[in-house]
Amino acid sequence: MTQQAEMRHDWKTDEVVEMLESPLMELLYKAQGIHREHHEDNTVQLASLLSIKTGACPEDCKYCPQSAHYAKKTGLKKESLMDVDAVLEKAKIAKEAGASRFCMGAAWKQVREGEDFDKVIEMVEGVTAMDMEACVTLGMLNQEQADRLAKAGLKAYNHNLDTSPEFYKEIITTRTYQDRLDTIDCVRKSGVTVCSGGIIGMGETITDRARMLEILANMAVHPESVPINALVPVKGTPMGERERVDPLELVRMVATARIMMPKARVRLSAGREMLNREAQILCMMGGANSIFYGEKLLTTANNDTNEDQEMIKDAGLKVA
Ligand code: SAM
Ligand code: DTB
Ligand code: SF4
């Protein structure tokens, strides 16, 4: 049977748990086999991130430094939406540094029609005109808004499930899991590609991790990109004192995502700065083929770009 025939949408929690817990070498071997079959180009995509609107978010996501609920303790300065020209200037710099995707994040609960959304549309058009893939993450949206973004040339919309539906309630109370699924549905219907993944290291169980992957992989169409974040504990957030997750847990999560969603770009996302290059390369062996590239994620530090370029070269990978 070819791997192609193994493209599945009927994963059961138990088998995913079993896979996450399987002997590491077996897991890596299987993931690498599937990876090679579907991604023989041996590339890694460099996605640059920019926070176009920082802080003062009304949601209460316990991991997030941008939530207004923890602003007094995090001391994060809130900023209004950046000007279109300033964003495009940053996109140009990212392109010159080697990024092929430019992701813009806004600390919004949801998209609202008006001047700010008009500006985001202009940003998407501008980035697309620069021959880069434009991606945005703006919170919830409806079908008309997704369609408008699609028309502007948007390549991908990032909206994470973050964790399992069961653990979700411990993390976020201001929007439901179903809200997230509905937003993803609108994105899918608009023709924009779906970027959806989650975070490990928030105190979830292996079953929670499995459930998240199960729901992503059982969607009628797999997300085209799957960001796997390791919690970056930010002081002042309810998760600020959590211990960093074991890098090997990240390797396991990436490898399992790769096996379940063979064609997706699995992105080694937040938390990469705590990994040495060997751990990052293990993630790539397990099927990670995209990273966030640039000095900053949204509000926290990211890896040094020269070191990233060197790591990619030493691993014999090509930039997509
Ligand atoms: N406000 C929008 C939303 O939540 O839909 C978009 C921006 S939000 C910062 C995007 C994603 O970043 C979250 O869904 C979460 O997975 C990730 N994230 C935020 N803070 C994080 C942290 N401290 N560590 C790891 N991942 C984080
Ligand atoms: C995603 O899954 N991770 C990125 C992106 N999508 C928008 C965000 C990571 C944020 C990490 C914390 C910060 O820098 O504020
Ligand atoms: Fe707001 Fe997004 Fe942060 Fe949640 S993750 S508080 S929605 S910016």
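**Exercise 1. Sort the shell of ligand 3 by residue class.**

Solution. The shell around ligand 3 divides into five nonpolar residues, one polar residue and two charged residues, where Ala, Val, Leu, Ile, Met, Phe, Trp, Tyr, Cys and Pro count as nonpolar, Asp, Glu, Lys and Arg as charged, and the others, Gly among them, as polar. To check this by name, begin with the residues around ligand 3, which are C57, E59, C61, Y63, C64, S67, A107 and R175; a residue is taken as near a molecule if one of its heavy atoms lies within 4 Å of it. As to its location, ligand 3 sits in the largest cavity. A cavity is a set of points, on a 1 Å grid over the protein atoms alone, where a 1.4 Å probe fits but cannot get out, and a molecule sits in it if more than half of its atoms lie within 2 Å of its grid points.

The model is a predicted one, in which local features need pLDDT of at least 70 and side-chain atom pairs count only at pLDDT 80 or more, while totals for chains, interfaces and linings use all residues. Residues are numbered from 1 along each chain as its sequence is written, chains are lettered from A and ligands numbered from 1 in the order in which they are written, and side-chain values use heavy atoms, with hydrogens and water left out.

**Exercise 2. Describe the surroundings and polar contacts of ligand 1.**

Solution. Start with the shell: ligand 1 is surrounded by 16 residues, the closest being Y63, T137, N160, D162 and V232, and by class the shell holds nine nonpolar, five polar and two charged residues.

Next, look for polar contacts, that is, pairs of N or O atoms within 3.5 Å; within protein, one atom must be able to donate a hydrogen and the other to accept it, and residues adjacent in sequence count only if both atoms are side-chain atoms. On the backbone side, a nitrogen atom of ligand 1 lies 3.4 Å from a backbone N or O atom of A106, and a nitrogen atom of the ligand is likewise 3.4 Å from a polar backbone atom of W108. From a side chain, an N or O atom of N160 comes to 2.9 Å from an oxygen atom of ligand 1.

Finally, consider the cover: taken alone, ligand 1 exposes 560 Å², of which the protein buries 90%, with areas from the Shrake-Rupley method and a 1.4 Å probe; for residues, only the protein chains shown count as cover. The space taken by ligand 1 is the largest cavity.

**Exercise 3. Which side chains make polar contacts with ligand 2, and how much of ligand 2 is buried?**

Solution. The shell of ligand 2 has 13 residues, of which N160, N229, L298, T299 and T300 are the closest. Sorted by class, the shell comprises seven nonpolar and six polar residues, with no charged residues.

Among the contacts, an N or O atom in the side chain of N158 is 3.1 Å from a nitrogen atom of ligand 2. An oxygen atom of ligand 2 lies 2.8 Å from a polar side-chain atom of N160, and a polar side-chain atom of T300 is also 2.8 Å from an oxygen atom of the ligand. Of the 410 Å² that ligand 2 exposes when taken alone, the protein buries 87%. Ligand 2, too, sits in the largest cavity.

**Exercise 4. Are D131 and D162 buried or exposed?**

Solution. First place the two residues. D131 lies in the loop between α5 (115-129) and β3 (133-137), and D162 in the loop between β4 (156-158) and α7 (165-171); helices (H or I, at least four residues) and strands (E, at least two) are DSSP runs, numbered from the N terminus.

Then read the backbone: D131 has a positive phi of about 70° although it is not a glycine, and the phi of D162, also a residue other than glycine, is positive and near 70°.

Last, compare accessibility, where buried means under 20% relative accessible area, exposed over 50%, and partly exposed in between (1.4 Å probe, protein chains only). D131 is exposed because its relative accessible area is 66%, whereas D162 counts as buried because its relative accessibility is 2%.

Definitions and conventions
On a 1 Å grid over the protein atoms alone, a cavity is a set of points where a 1.4 Å probe fits but cannot get out, and a pocket is an open set with protein on both sides within 12 Å along at least five of seven lines; lining residues have an atom within 4 Å of a point.
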